[in-house]
Structure formats: structure tokens, C-alpha cells
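User: Please walk me through the model shown here, beginning with the conventions that the discussion will rely on.

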Amino acid sequence: SSSSSSSSSSSSSSSSSSQSTIDVEPMLYNTHIPTSCAEKAVLAAGSAAMALYDPTRDDMVAALGETTGVPALRAMLRRMKCDAVGQEILRIQPIVNTKTVDMDYLRQLPTDTFGYAYTQFMDSHVSAFAHLYLASQDLLKAVSLYLQDNIFFAWVSDGFPTWDFNVLLN
């Protein structure tokens, strides 16, 4: 009996020590996939290779941005917090989505309007906006604003928000 209790305590201590060495962040939002640093590195390498191979793979471009772009997002967020206009944007959070805008109405607008173009883009590229790997609500808000700006600039320049377009835009 004492040997079974000591073996169960040693197995529980070994499982807790293996959990602490993996160091995976907790799940923070519905689509979040908690990942370790090693997993992020593999995701970054794989998504970079695929985005270079096929720049129209918006899901790979998004995964690459989310796994490698955290320092840039933090810097952008820090600059926004130090600027009056940036503070206002963060306060009101002007995110365009199905809760804030009537997408059916936008789909009925003339084809040369941003509203129409936005719905067409979102209908065919939702995978780029799943936000799977960001481990911060603040960074999630910042990347959402950034991506909406990219869609706007793509529409204005008649471009397509691919990896190469984003490199040129940024």
C-alpha cells in the first residue's frame, strides 16, 4: 500500500515537472491556440515557407504575423498609448465586424465602395482573421485594427493583402 502511494506521488510530481518545462500560455479567447516558444518557432518557419511559396495563403501570412510580429505589435501599441489620437482609437475600438456593422447592407452597396469591397474580402478571407496564436487581449485588439487598415489600403491601391503586399505596405 505504501509503495503504491509513493509511486503515485512520484508520478504526479514527474507530470507536474514536465508541465512546467513545456511553458504553454493559457487559453485567452475562443479561437486562441496556446503554444510554447518551440511550437511558435515551428509555426513561424512553416508559415513563412508556405507564405513565400504561395503569397495568396492569407492563413499562412496571418500565422507568420502572429508568431513573429509580437515585438512590432507591442511597439505599435506602446506608441498608440503615448499619442492622443492613438489613445482615442484604443478607447473607442472602432472594429468593423458583424456586431458593429450591418454586413448585409454593405453587400448591397455599389461595387466601387469600401463597404462592398470589405464584405467581399471578409467573405473570402476569413481565415486570416481567426487570430489563433496571440497571447494577449491588447495585442489581439491592436492586430485587428492593423489588419483592418491593411484591408483599406489594399482596397485603395487595388492590391491584395498578401505577404508581398504587406512587405511593400509596411
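Analyst: A residue is buried when its relative accessible area is under 20%, exposed when it is over 50%, and partly exposed in between (1.4 Å probe, protein chains only). The model is predicted, so local features need pLDDT of at least 70 and side-chain atom pairs count only at pLDDT 80 or more, while totals for chains, interfaces and linings use all residues. Residues are numbered from 1 along each chain as its sequence is written, and side-chain values use heavy atoms, leaving out hydrogens and water.

User: How many helices and strands are in the chain?

Analyst: Helices (H or I, at least four residues) and strands (E, at least two) are DSSP runs, numbered from the N terminus. Read along the sequence, the pattern is α-α-α-α-α-α-α-α-α. The chain accordingly holds nine helices and zero strands.

User: What percentage of the residues in the chain is buried?

Analyst: Contact means heavy atoms within 4.5 Å. Of the contacts between residues at least 6 apart in sequence, 55% join residues at least 24 apart. Among the 170 residues of the chain, the buried share is 33%.

User: Is Thr67 buried or exposed?

Analyst: Thr67 belongs to helix 3, and its side chain reaches the backbone oxygen of Leu64 at 3.3 Å. Setting aside residues up to four places away in sequence, Thr67 touches Lys40, Leu43, Ala44, Ser47 and Tyr133. Because its relative accessibility is 13%, Thr67 counts as buried.

User: How many residues of helix 3 are buried?

Analyst: The buried residues of helix 3 include Asp58 and Glu66 as well as Met60, Val61 and Leu64. Helix 3 is mostly covered, and of its eleven residues the number buried is eight.

User: At what angle do helix 2 and helix 3 pack?

Analyst: Axes are lines fitted to C-alpha atoms, for helices over the stretch in contact, and angles run from 0 to 180 degrees between N-to-C directions. The axes of helix 2 and helix 3 (residues 58–68) lie 8 Å apart, and the packing angle is about 145°. On the helix 2 side the contact is made by residues including Lys40, Leu43 and Ala44, and on the helix 3 side by residues including Met60, Leu64 and Thr67. The angle asked for is therefore about 145°, from N-to-C directions.

User: Which residue's side chain makes a polar contact with the side chain of Thr35?

Analyst: Thr35 lies in the loop between helix 1 (2–22) and helix 2 (37–53); at a relative accessible area of 5%, Thr35 is buried. A polar contact is a pair of N or O atoms within 3.5 Å; within protein, one must be able to donate a hydrogen and the other to accept it, and residues adjacent in sequence count only if both atoms are side-chain atoms. At 2.4 Å, the partner of the Thr35 side chain is that of Lys40.

User: How far apart in space are His32 and Ala135, C-alpha to C-alpha?

Analyst: His32 is also in the loop between helix 1 and helix 2, and with a relative accessible area of 3% it is buried. His32 and Ala135 are 103 residues apart in sequence, yet their C-alpha separation is 7.7 Å.

User: Which class of aromatic pair do Phe114 and Tyr118 form?

Analyst: Rings of Phe, Tyr and Trp (its six-membered ring) pair if their centres lie within 6.5 Å; planes under 30 degrees apart count as stacked, over 60 as edge-to-face and the rest as tilted. The structure holds one aromatic pair. Phe114 and Tyr118 are 5.8 Å apart centre to centre with 50° between the planes, so the pair is tilted.

User: How many residues apart are Phe114 and Tyr118 in helix 7?

Analyst: An α-helix has 3.6 residues a turn, so residues three or four places apart point the same way. Phe114 is partly exposed because its relative accessibility is 27%, whereas Tyr118, at 4%, is buried. Within helix 7 (residues 114–124) their spacing is about one turn, and the number of residues apart is four.
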